[in-house]
Amino acid sequence: MKIDCVGGGPASLYLAILAKLQEPAHEVTVHERHAAGTSYGWGVTYWPDLLADLHAHDPESARLIEEQSVCWRGGFAYVGDRTTAHDGDPGHAIGRHRLRTILADRARALGVRMEFGREIGSRADLPDADLVVAGDGAHSRLRTEQAAEFGTRVTTGANRFIWLGTTRVFTAFTFAFVETEHGWIWCYAYGFSAEHSTCVVECAATTWSALGFDRLDHAEALRLLEKLFADLLEGHQLLGRKDIESHAQWQAFPTVTNTAWSHGNLALIGDAAHTTHYSIGAGTTLALRDAMSLARAVGSAGPRELPAALAAYEQDRRQALLSVQSAARHSAQWYENLPRYMGLEPHQMFALLGQRHSPLLPYVPPQLYFHVDQAVGRLQALRWLKQRLGPRLARTLQSRRTT
């Protein structure tokens, strides 16, 4: 088949790699509207189970990704002038530009055609394609063109956030919560190279406007944030996107859902199909697993087998996403209701931060939930029951909500 992937992010690039590995006769092209070498964003996170999947699907690119990633274990939380630590599972991070370069080089070596600097705004721009894959992000033009057919719904979160970098290199996943006269502001930070870390700052919309971020230009906003997080940054700078000349890119997170993931020969992948709140660090992982699933479904199929392949892809990924979408929704709500938890001792607050995916937490007093959870953790039978029933409950509730 002739396969055209729109958008040069990890989802499109990895799909192109797997499509060529499964069927070298496929003619695969990746279209990226920006110039070659351009990449926005800082570092992205992933977990050991994804690394195992990458090695199973393409050992060559997986080896390079693993070699050029950093690894951490556990995390720290700074709450005002108090600190608490948590010894958790290991995690990985890699620069977004580095990841895209690895995948683009691998795709090119397999015979994938790379086209840069061309805007694909409509399926009509690719009339000869047997399969068009929209991997052009949460604001996908291809999906928006046919939003009614996809049943697209976009809802925005209540808080404001901005995605930044910093020259301080964090060796563990780090949270910092700062109380201002206008409310709490906080950040999540993690290293992704030997020189830089990602730093995502978030606050309530009322705090955001009261601190003046709706009026400050880009440089002024960065300087104010450096002042607010001075203890965390230890004299290091915050870095914004170089393409932003005036106003910093504060956003309200868009949650994208679609009742259908394909229409005709157009399929959605990654953020074009679904978004999950950044606080669970799963966006890149889900995009790559979408690519694995779609490549597996398409395989060596021809145009006549395509409708069944796209239906199988959608069914597979919808089921896999239920628990993740539930976790992301509850995680976002935890932060939107942050004052509910800030009266706890730091170690208690950090413990509930780790439990923020729970569908029960919003309905139980935080102190009570903490003590019950600690008691459950000490009893092996109850701990096993929680581990089995928790994800099942989350999937059931998310399925009903989606329906």
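This is a predicted model: local features need pLDDT of at least 70, side-chain atom pairs count only at pLDDT 80 or more; totals for chains, interfaces and linings use all residues.
Strand β3 runs antiparallel to β5, and four bridges join the two. Within this pairing, Tyr46 has His92 of β5 as its bridge partner. The residues of β3 are divided between two directions: Gly43 and Thr45 point one way, Val44 and Tyr46 point the other way, and all are buried.

Strand β10 is mostly covered, as seven of its eight residues are buried. On going from β10 to β11 the sense of pairing is antiparallel, with seven bridges joining the two strands. Phe175 also takes part here, its bridge partner in β11 being Tyr188. The strands β10 and β11 form a hairpin, and two residues lie between them. Next comes the pairing of β11 (residues 183-191) with β12 (residues 197-204), which is antiparallel and extends over seven bridges. Here Trp186 finds its bridge partner in Glu202 of β12.

Glu234 is placed in the loop between α9 (230-233) and β13. Although Glu234 is not a glycine, its phi is positive, at about 55°. With a relative accessibility of 55%, Glu234 counts as exposed, because the cut-off for that class is over 50%.

The model holds another open sheet, of six strands, in the order β6-β2-β1-β7-β16-β15 and again with mixed pairing. At its edges stand β6 (113-116) and β15 (262-263); each has a single partner strand, so one side of each is left without a neighbour in the sheet. Helix α1 (residues 10-22) packs on this sheet and touches β1, β2 (27-32), β6 and β7, its direction making about 170° with that of β2. Strands β1 (residues 2-6) and β7 (residues 131-134) pair in the parallel sense over four bridges, and Ile3 stands opposite Leu131 of β7.

Strand β1 also contains Asp4. Asp4 has a relative accessible area of 2% and is therefore buried, the cut-off for burial being under 20%. The side chain of Asp4 joins that of His31 through a polar contact of 2.6 Å. Leaving aside residues up to four places away in sequence, Asp4 touches Thr29, His31, Leu126, Ala129, Leu131, Val132 and Val133.

Another buried aspartate is found in a helix. Asp290 is located in α10, and its relative accessible area is 0%. A polar contact of 2.6 Å links the side chains of Asp290 and His274. Beyond residues up to four places away in sequence, the contacts of Asp290 are with Trp261, Ile269, Gly270, His274, Tyr313 and Arg317.

Pro303 sits between α10 (283-298) and α11 (306-336) and, at 47% relative accessibility, counts as partly exposed. Apart from residues up to four places away in sequence, Pro303 touches Met1 and Asp130. By contrast, Pro303 and His92 are 38 Å apart in space, C-alpha to C-alpha, and 211 residues apart in sequence.

How values were computed
Residues are numbered from 1 along each chain as its sequence is written. Side-chain values use heavy atoms; hydrogens and water are left out. Buried means under 20% relative accessible area, exposed over 50%, partly exposed in between (1.4 Å probe, protein chains only). Contact means heavy atoms within 4.5 Å. Two strands pair if DSSP finds at least two bridges between them. A polar contact is a pair of N or O atoms within 3.5 Å; within protein, one must be able to donate a hydrogen and the other to accept it, and residues adjacent in sequence count only if both atoms are side-chain atoms. Axes are lines fitted to C-alpha atoms, for helices over the stretch in contact, and angles run from 0 to 180 degrees between N-to-C directions.
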